[in-house]
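The stops below each begin with a selection.

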Amino acid sequence: MLVVRDLHVRFGQAHILQGVDLAVGPEPLAIVGRNGMGKTTLCQAIMGMVAGRGQISLDDTDLAGRAPNRVARAGIALVPQGRRTFPSLTVDEHLRLVDQGPRARWTRARAYETFPRLAERRRNGGTQLSGGEQQMLAIARALLMNPRLVIMDEPSEGLAPVIVDHLAGVLRGLTAEGIGLLLVEQNLRMATAVCDHVAVMVTGRIAATLQATELAGNEDLQRRYLGVAAGHH
Amino acid sequence: MALAATVVLNGLTLAALYFVVASGFSLIFGLMRTVNMAHGSLYLVGAYIAYAVFEPLYDREAWYAWYLAVPVGMAAAALAGVAMQKLLLGWMQGQELRQALVTIGVSIVVADQLLAHFGGTPRQFLAPDALFGTTELPLVGRYPTFRLVQIAVAVAVGLGLWLLLARTKLGLMVRAGVDDQTMLSACGVNVPRVALAVFALGAALAGLGGVIGATAQPLAQGMDGRFLLTSLVVVIVGGMGSVPGTAVGSVLVGLAEQIGQALFPTYAVILTFGLMVAVLAVRPQGLMGRSA
């Protein structure tokens with residue numbers, strides 16, 4: 001589905017992505033790594049939100065160097081770090097912005113069914129929502145674009161454990177539907193609950209791809225790649 | 001008492017014209033952060049081209065001459081605005097200073113071209129019979145009908161903009177774009193195309209203001225500078241990018257000008273800028289603006 005080859009991103013002197021190789025098939029893939037390793041930049045580079053050099057393609061469509069709206073039209077949706085919901089728009093307006101009509105797989109009605117909390121808040125503005133509600137809104141906004149692949153950058157950040165579990169259930173549902181998933185996570189529990197494979201990012205490169213069970217059960221690996229053991233996070 | 005009422009009404013009719021022109025300026029700034037220093041030129045372009053269509057028709061006593069001039073002026077200004085955005089400003093999106101300088105350059109070129117083609121003689125549209133003459137009003141007495149039409153047009157423009165921004169998909173895109181253009185693009189929206197639509201709309205409003213304004217008072221060279229300056233003051237007072245703010249700013253500036261001219265004509269202009277200074281001192285983002 002998504003293939004990334006030798007992707008480089010530089011901000012001035014800083015070489016943020018140093019040749020990322022990545023493939024996401026029908027199986028969801030998690031990316032973990034410490035802060036500052038380039039995970040968010042990778043998401044933005046795939047989406048066309050920052051300029052990069054290298055190959056990016058979705059199925060047979062070449063996406064390198066395309067504007068974000070072209071990447072979105074090609075079938076990739078992003079749930080960005082920090083949610084980036086629109087303060088001026090209500091919940092319902094966010095969904096209307098990306099609504100693809102009643103025949104699409106993901107409709108507004110389905111989004112409200114999946115996230116009942118959003119239905120209660122449909123008339124509230126983007127700034128009146130709690131962190132968890134904003135996250136649900138960002139996810140609903142991405143799903144309503146009916147993408148073939150969703151990139152989620154730290155979706156569990158700042159969420160209560162019960163909401164994280166609900167979210168993990170929603171994400172597993174996406175996989176069952178055949179929607180691809182690239183999940184960037186610091187929360188190992190979330191990553192391993194959704195994905196069987198975990199790629200570890202170190203200084204702008206994919207350093208290793210592991211079985212989720214392998215990483216979850218091995219504190220040495222966790223210390224080496226994440227700097228913390230899962231129990232402390 | 002009657003004099004006071006007349007001065008207030010004069011202020012409001014002037015405010016109506018300012019609102020029509022400045023709302024376009026504010027709309028363009030709100031989405032694109034472009035300070036369009038050629039907004040006054042769009043006013044002139046709309047008015048002069050509309051006049052070129054109006055004059056021969058009026059000479060033949062066609063009743064629709066003025067009614068046709070209105071859409072012609074709007075379309076001419078919209079086209080000029082789109083050309084400016086597409087050919088010049090689109091290439092330097094996000095570079096506000098460069099855009100401001102380029103639009104100043106455009107305004108100088110446009111002013112000279114208009115002078116070359118239309119000469120320096122002032123012109124004035126004649127309102128159609130239905131909108132001409134005077135209307136009897138309580139307190140004020142007989143008052144020019146067209147000035148009341150000006151208020152009606154401003155109210156219609158305000159309502160139209162509110163409906164557009166609150167109720168349509170384009171309005172959603174514009175508001176989301178004011179918040180976060182990159183994220184709007186990641187939602188699949190072609191942001192440059194939205195920007196072009198907004199520029200066309202903002203420019204069309206300047207053109208509408210041009211025809212309305214040149215019906216109420218003569219059209220002459222130098223009006224571009226006056227309306228640009230007024231638009232700037234209005235949106236600074238009201239708050240950049242806010243339609244209600246532009247309405248409030250227009251009313252305050254219109255009233256300040258007319259009251260100043262009634263009370264101390266020589267120093268009237270000081271009142272307008274005093275108003276701006278006072279607002280900047282107390283609320284730098286404008287009365288209804290959001291802090292950046």
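How many residues does helix α5 of chain B have, and how far does it reach from its first C-alpha to its last? Select residues 145-167 of chain B: the helix has 23 residues and reaches 32 Å, close to the 33 Å expected at 1.5 Å a residue. That expected span is 1.5 Å times one less than the number of residues. Helices (H or I, at least four residues) and strands (E, at least two) are DSSP runs, numbered from the N terminus.

This is a predicted model, in which local features need pLDDT of at least 70, side-chain atom pairs count only at pLDDT 80 or more, and totals for chains, interfaces and linings use all residues. Residues are numbered from 1 along each chain as its sequence is written, while chains are lettered from A and ligands numbered from 1 in the order in which they are written.

**Buried side of α5(B).** Select B:Phe146, B:Arg147, B:Val149, B:Gln150, B:Ala154, B:Val157 and B:Leu161, the buried residues of this helix. Buried means that 20 or more other C-beta atoms, placed from the backbone, lie within 10 Å of the residue's own; 12 or fewer is exposed, and in between is partly exposed.

**α5(B) to α6(B).** The axes of these two helices come within 5 Å and cross at roughly 80°; axes are lines fitted to C-alpha atoms over the stretch in contact, with angles running from 0 to 180 degrees between N-to-C directions. α5(B) and α6(B) are therefore roughly perpendicular to each other, a label for angles of 65 to 115 degrees. Select B:Leu164, B:Leu165, B:Ala166 and B:Arg167 in α5(B), which meet B:Leu170, B:Gly171, B:Val174 and B:Arg175 in α6(B). Contact requires C-beta atoms, placed from the backbone, within 7 Å.

**Chain B against chain A.** Show both chains: 16 residues of chain B are in contact with 20 residues of chain A. On the chain B side, α6 (169-179) and α7 (181-186) each supply at least two residues, and α6(B) gives the most, with 6 residues.

**B:Ala47.** Move to helix α2 (residues 39-59) of chain B, where B:Ala47 lies. Is B:Ala47 buried or exposed? B:Ala47 is buried, because 33 other C-beta atoms lie within 10 Å. Leaving aside neighbours within four places in sequence, B:Ala47 is in contact with B:Gly73, B:Gly210, B:Val211, B:Ala214 and B:Leu219.

Note on methods. Two residues are in contact if their C-beta atoms, placed from the backbone, lie within 7 Å. Angles under 35 degrees count as roughly parallel, over 145 as roughly antiparallel, 65 to 115 as roughly perpendicular and the rest as oblique.
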